[in-house]
Amino acid sequence: MIELVDPRGDVNLVPAALAPRRHAPEVRRIAFLSNEEEFMHGALHFQRYTRILQRVLPERLGAALVFHSEVKPVLSRAAEQEQIDHFVGWDAVINGLAK
Amino acid sequence: MTRPEELALPARIDPSDWPELSYQLGLTDGLPTFPPDRSVVERLVAGSGLPGDFVVGAIPPRGQPGSVRAIAANAAMAGCLPEHMPVVIAALQAMLEPIFNLRGIVCTTHPSWPLVIVSGRAVTDLQMETRESVFNGGGARANMAIGRAIRLVTWNLGGAYPRRPVQEVMGHPGRMGYCIAEEPVNTPWEPLHVARGVDAPSGAVTVFGCEAPQVVLAFGAANLGSIILARVADQMRAPGNSNVHTGGEVLVCITPSWARTLAEQGWTRRSVQEFLWERARSRLGDIRMNSDGSPAVHPDDAYYWWPDSVDQTNPDEMVPVATSPGDIHLVVTGADSLPYMAVCPSWGALGGFAITRALPEHSTEH
């Protein structure tokens, strides 16, 4: 018999909790966090994608919605806490890129 | 639903049960491993010269604390010896510097992975291989075990599993283990770490996030530096290479025999870097195009990562693949035979920048 050391380290650490998920009818404030470089004259990109969502989502949800959009300063890095704080209190946050 | 890697690891097992257990618990990426036997792990901890509970850093993407003991458990699975541990630890410390952006390198869609490059006296101390088949270990235990340990640390402590959250589209063979050594003796030039301004009597580790090597042959070319280096530059500026669009840094490997030939013709590391930087350029209008094929030169389309010296409104601007000559990293390695070279494109300006750390004095002697 051999004694093992867990290569995952202390697996009893409590993982960070996911933000609470709201039911669609409750969603009124939607924010976008872009994960890509922004080109005003480029092809498909997140800004254009979010404009489409801003048109489609109120139709789907049947209510007026409030939108907020930001771009990460460096697309390859996780957003800094200061920027994440801007999204506290929003009902839903969509983070992504579009190609 | 409980994922395999969330299942508890038994405290004690029969060693013959390890292979199946490691797969059932998702503790390996598919390759077989050695069991993280506590007696072996403690010898590796001792080899690191650090306390077992010393935390090197949070290993992304999960952010699990990377204690020396947990790192040693992964190194044991990889087949490391105690004298390999200072290299593993130094490499991880370098990768965890914020500017390296290890989280990004691990999770990106791009096929980059941290290449560990050992240079100086440690190469001899650890009996690392620098000759034939260097990019797949050259048959040396240290090359393979060190690279493999880094991989398993990111797998088991970082939780870097495909799709959750790793989004790499095609994959990279180097993700199984990516470690090379620079030829320490039969080279005309100073070691990589010295060229990068790091004084390291015991040797050093440089990490660099990059793609798999693209080999450049000298067929049909005169044995003249400017001719063959121009061929290397052509490889560096291939339109599909990441650096053509995102700049940053590039790795170029040169065989010892070819490095000596270059040196006999008066080339230094610096002059090779400068030559490649001048030649490895692309016309802006040929690499950034609108959907109708016209050059994408509107000021609002400008890449923020290209230096100010690049006029992004001029379609005839020649854009370098690296930010500066010093961002083309030369490593003398490979078989001491033919004038082969290899280009490893990188993640460009988005991360994985080369970082060099000196190894502690006498740490790799055994």
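# Briefing on a predicted two-chain model

From the N terminus on, the elements of chain A run β-β-α-β-α-β. The model is a predicted one, in which local features need pLDDT of at least 70, side-chain atom pairs count only at pLDDT 80 or more, and totals for chains, interfaces and linings use all residues. Residues are numbered from 1 along each chain as its sequence is written, while chains are lettered from A and ligands numbered from 1 in the order in which they are written.

**Chain A**

- Chain A has two helices and four strands; helices (H or I, at least four residues) and strands (E, at least two) are DSSP runs, numbered from the N terminus.
- Of its 99 residues, 13% count as buried; a residue is buried if 20 or more other C-beta atoms lie within 10 Å of its own, exposed if 12 or fewer, and partly exposed in between, with C-beta atoms placed from the backbone.
- Among contacts in chain A between residues at least 6 apart in sequence, those joining residues at least 24 apart make up 73%; two residues are in contact if their C-beta atoms, placed from the backbone, lie within 7 Å.

**Chain B as a whole**

- The secondary structure of chain B comprises 13 helices and 15 strands.
- For 366 residues, a compact globule would have a radius of gyration near 21 Å, and the 21 Å of chain B agrees with this; the radius is taken over C-alpha atoms, and the globule rule is 2.2 Å times the number of residues to the power 0.38.
- The C-alpha trace of chain B spans about 65 × 50 × 35 Å along its principal axes.
- Of the 366 residues in chain B, 52% are buried.
- Of the contacts in chain B with a separation of 6 or more, 79% are between residues 24 or more positions apart.

**Contact between the chains**

- Chain B contributes 36 residues to the contact and chain A contributes 18 residues.
- On the side of chain B that touches chain A, at least two residues each come from strand E1 (12-13), helix H2 (38-48), strand E3 (64-67), helix H3 (68-78), helix H5 (102-107) and helix H7 (141-157) of chain B.
- H3(B) provides the largest share of that side, five residues.
- The residues of the side of chain B that touches chain A comprise 17 nonpolar, 10 polar and nine charged; Ala, Val, Leu, Ile, Met, Phe, Trp, Tyr, Cys and Pro count as nonpolar, Asp, Glu, Lys and Arg as charged, and the others, Gly among them, as polar.
- Strand E1 (residues 2-3) of chain A and E1(B) run antiparallel and are joined by two bridges; two strands pair if DSSP finds at least two bridges between them.
- A:Glu3 has B:Arg12 in E1(B) as its bridge partner.

- The 17 residues of H7(B) should span 24 Å at 1.5 Å a residue, and the 23 Å between its end C-alpha atoms agrees; the expected span is 1.5 Å times one less than the number of residues.
- H7(B) is mostly covered, with 16 of its 17 residues buried.
- B:Gly159, which follows H7(B), has a positive phi near 70°.
- Helix H9 (residues 225-236) of chain B has 12 residues and reaches 16 Å from its first C-alpha to its last, close to the 16 Å expected at 1.5 Å a residue.
- In H9(B), the buried residues are B:Ile228, B:Leu229, B:Val232, B:Ala233 and B:Met236.
- These residues lie on the same side of H9(B), because they cover an arc of only 155° around the axis; the arc is that of the directions from the helix axis to the C-beta atoms.
- The cover over the buried residues of H9(B) includes strand E9 (214-216), helix H10 (242-246), strand E10 (250-254), helix H12 (269-279) and strand E14 (341-344) of chain B.

**Strand E10 of chain B**

- E10(B) is largely enclosed by the rest of the structure, because five of its five residues are buried.
- In a regular strand the side chains alternate between the two faces of the sheet.
- Both faces of E10(B) are covered, with B:Val250, B:Val252 and B:Ile254 buried on one side and B:Leu251 and B:Cys253 buried on the other.
- Five bridges pair E10(B) in the parallel sense with strand E13 (residues 328-332) of chain B, and B:Val252 stands opposite B:Leu330 in E13(B).
- Four bridges pair E10(B) with E14(B) in the antiparallel sense, and B:Cys253 stands opposite B:Ala342 in E14(B).
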